[in-house]
Amino acid sequence: MFAEDGYWRDRRDIRHDEAKIAHDRRELRRDLYYGNYAAAGHERRELRHEYRDVNRDRRDLNWDRR
């Protein structure tokens, strides 16, 4: 039962992280369009962090299903 709770928590975290990635990608495109390269660099750093988070959550998800 406890592993199952972790599974659903990981699924929720993945969905939340994917939504943040989509938002940051929109902001990155907007910043690049307007030539705001400093803000685009910030968005790239945020994206790198979010991708790392998603990968960690997916690894945890696979670990919980074993």
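**Exercise 1: a salt bridge between neighbours**

Arg12 and Asp13 are joined by a salt bridge, with 3.8 Å between the closest N and O atoms. A salt bridge here is a side-chain nitrogen of Lys or Arg within 4 Å of a carboxyl oxygen of Asp or Glu. Before going on, note that this is a predicted model, in which local features need pLDDT of at least 70 and side-chain atom pairs count only at pLDDT 80 or more, while totals for chains, interfaces and linings use all residues. Residues are numbered from 1 along each chain as its sequence is written, and side-chain values use heavy atoms, with hydrogens and water left out.

Task: Find whether Arg12 is buried, partly exposed or exposed, and do likewise for Asp13.

Solution. 
- Step 1: recall the classes: buried is under 20% relative accessible area, exposed is over 50%, and partly exposed is in between (1.4 Å probe, protein chains only).
- Step 2: Arg12 has 47% relative accessibility, so Arg12 is partly exposed.
- Step 3: Asp13 has 25%, so Asp13 is partly exposed.

**Exercise 2: other salt bridges**

Task: State how many salt bridges a search of the whole structure finds, and describe the pair Glu18 and Arg58.

Solution. 
- Step 1: the search finds 5 salt bridges.
- Step 2: in one of them, the side chains of Glu18 and Arg58 meet at 2.8 Å, N to O.
- Step 3: this pair links distant parts of the chain, with Glu18 in helix α1 and Arg58 in helix α2, 40 residues apart. Helices are DSSP runs (H or I, at least four residues), numbered from the N terminus, and strands are E runs of at least two.
- Step 4: Glu18 is partly exposed at 37% relative accessibility, and Arg58 is partly exposed at 37%.
- Step 5: Arg30 and Asp31 also form a salt bridge, their closest N and O atoms being 3.3 Å apart. Arg30 is partly exposed at 42%, whereas Asp31 is buried at 6%.

**Exercise 3: the helices and the core**

Task: Count the helices and strands in the protein chain, then name the residues of the largest nonpolar core.

Solution. 
- Step 1: the chain has 2 helices and 0 strands.
- Step 2: the largest nonpolar core holds 5 residues: Ile21, Leu28, Ala40, Leu47 and Val54. Such a core is a set of buried Ala, Val, Leu, Ile, Met, Phe, Trp, Tyr and Cys residues joined through side-chain atoms within 4.5 Å.
- Step 3: α1 (2-33) and α2 (37-64) each give two or more residues to this core, and α2 gives the most, with 3 residues.
- Step 4: Leu28, in helix α1, is buried with a relative accessible area of 13%. Beyond its neighbours within four places in sequence, Leu28 is in contact (heavy atoms within 4.5 Å) with Ala40, Glu43, Arg44 and Leu47.

**Exercise 4: aromatic pairs**

Task: Classify the ring pair Tyr7 and Trp8 as stacked, tilted or edge-to-face.

Solution. 
- Step 1: the rules say that rings of Phe, Tyr and Trp (its six-membered ring) pair if their centres lie within 6.5 Å; planes under 30 degrees apart are stacked, over 60 edge-to-face, and the rest tilted.
- Step 2: the whole structure has 2 aromatic pairs.
- Step 3: Tyr7 and Trp8 have ring centres 5.0 Å apart and planes at 80 degrees, so this pair is edge-to-face.
- Step 4: Tyr33 and Tyr34 also pair edge-to-face, at 5.0 Å centre to centre with 85 degrees between the planes.
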